[in-house]
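Good morning, and thank you for the time. Please have the model open while I speak.

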Amino acid sequence: MSGIYIHIPFCKKKCHYCDFYITLNKNNVSKLIEAIKFELILRKNFLNKNSIETIYFGGGTPSMISPNYIGNIIKEIKNNFSVNSNIEITIEANPDDISLDNLLKWKKYGINRISLGVQTLNDNLLNFINRSHNKKTAIASIKKISEHYDNFSIDLIYGIPGNRYDKLKNDIKEIIKFNPPHISAYNLTIEKKTVFYNWLKNNIIKKEKEREIIKQFNLLKNILEKEEYIQYETSSFCKKGYESKHNSGYWKRKKYLGIGPSAHSFDGKYRSWNISDNNKYISALNKRIIPNTEEKLSKKMKINEIIMIGIRTKWGIDNKQLITQLKYDILKNQKNTIDKLINDKLIYINRTKIKATKKGSILLDYIAEKLLV
Ligand code: SF4
C-alpha cells in the first residue's frame, strides 16, 4: 500500500510563518498541471505497482485552483496506477475557497476528505499571521463542510505570539461544536526565510514563552481528550477511525510518490525531492526529465528516522521493526539510556514498543536526541 502526494504551489498571500515552496503568481497554472500529469506518467512504476491507498493534494493552496484541474489529476492517477477501492483522497483548503460549488465538484471527482487551514478564530491574529480569511469565513466554511463531508480536519496553530490561553480555549470550544472528526494542532515554529524570522531578528516580535506554549498545548490536549479525540501523533487528534491514512503512511514509513515542484518521495531506500521552482519544473517535464535530487538512506539514517518519527506517535518506536528491517535492537543497544528515561518517567515499554509518557510527550525532541544513534 502506498500514497501519492501532489504539490500545488499557489497561494493568495504568503503567511508570515510559511517556509514552503509557493508562489503568488497564478499565470502558469495550466502548464503546471500538464507538467504534473507528465510526471505522473513518467513515474508510474515508482511504487512498483503497489496499490494506491491515499492521494493528498497539498501546497500551497490546492483549493484555489479550479476543481476541474484536481479532477484531471485524479483521472491521470487512475489511468496510470492501481488504485484501492476505498482510497482516501484529501485536499487542503483555505476557508475562503469553501463554496458549495467547490465542495460538490471535489466530491464528484473523488475527494472524500478536506483539511481546512483555520489556524485561529481571532481576527487580529489572522491578520497578524497574514492569512487571507477571517473568523466569519472560517466558521461558515466549517459549517458548510460538515454538512457535505463526513471526513474533514481542522488545522490550528498554538503558540502564536500574542495569543492567550483563554482565547485559544474559546477557539477550540467553538470549533468542536461542529464535531470535526480530525484536528491537527501545530506549535508555531519560526523558520528561516520567513517574515516572522526577520521580525524576530529585528526585535519586532518576541517568541512566545516556552511555559505559555506548554500550557496552550496541554489545554488543547485536555479539551480534545475530554471530547473523546485520540492523540495518535503529537499534533494529530481524531475521533475513533478517523486517523489521516495519508499522514499515518508517512509515520509508518510506507512508500510514497511526491509529484509537483518541491514534492518529496520515498521508496524505502531513497528519499528524493523535486526542484522548488515552477518554471524549471515545467520546462524539465516538457523535455520528459524529472527534475529531482535523491539521497540513499544509510542504515543509521533509517534507524534515526524510525526513532524520531516513532516517538511522536501512539504506535511508538517499534523494536521488532528495527530488528527485522535493520538488525538493530534498540532495547539492548541503548539499555542504559532507556533505563534512565524510564526512571525519569519520560518513556515506558509496551511489549516491543517504546512510547512517550504524558510527561515525555512535551519533551519528545529531548527523548529522540538521547536515543539517536
Ligand atoms: S496558505 Fe499554507 S502554503 Fe500558503 S502561504 Fe499560508 S501556510 Fe504557506
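The residues lining the largest cavity divide into three nonpolar, five polar and four charged. Here Ala, Val, Leu, Ile, Met, Phe, Trp, Tyr, Cys and Pro count as nonpolar, Asp, Glu, Lys and Arg as charged, and the others, Gly among them, as polar. By cavity I mean a set of points, on a 1 Å grid over the protein atoms alone, where a 1.4 Å probe fits but cannot get out; lining residues have an atom within 4 Å of a point. The model is a predicted one, in which local features need pLDDT of at least 70 and side-chain atom pairs count only at pLDDT 80 or more, while totals for chains, interfaces and linings use all residues. Residues are numbered from 1 along each chain as its sequence is written, and side-chain values use heavy atoms, with hydrogens and water left out.

How many cavities of 30 Å³ or more does a search of the whole structure find? The search finds one, and the volume of this largest cavity is about 80 Å³. A volume is the space filled by probe spheres set on the grid points, which are joined across faces, edges and corners. Among the residues lining the cavity are Met-1, Glu-53, His-246 and Tyr-256. Strand 1 (2–8), strand 2 (52–59) and helix 9 (245–251) are the elements that give two or more residues to this lining. Helix 9 provides the largest share, four residues. Helices (H or I, at least four residues) and strands (E, at least two) are DSSP runs, numbered from the N terminus.

I turn now to the second largest pocket, a pocket being an open set with protein on both sides within 12 Å along at least five of seven lines. Its volume is about 280 Å³. Of the 17 residues that line the pocket, Lys-221, Gln-231, Lys-314, Ala-356 and Ser-361 lie nearest its centre. The lining comprises five nonpolar, five polar and seven charged residues.

The axes of helix 6 (residues 165–176) and helix 8 come within 10 Å and cross at roughly 25°, so the two helices are roughly parallel (angles under 35 degrees). Axes are lines fitted to C-alpha atoms, for helices over the stretch in contact, and angles run from 0 to 180 degrees between N-to-C directions.

Finally, two backbone features. The peptide bond from Gly-59 to Gly-60 is cis, with omega near 15°, and Gly-60 is in the loop between strand 2 and helix 2 (67–80). Asn-203, in the loop between helix 7 (195–201) and helix 8, has a positive phi, near 60°. Most residues other than glycine have a negative phi, and most peptide bonds are trans.

Note on methods. Parallel < 35°, antiparallel > 145°, perpendicular 65-115°, else oblique.
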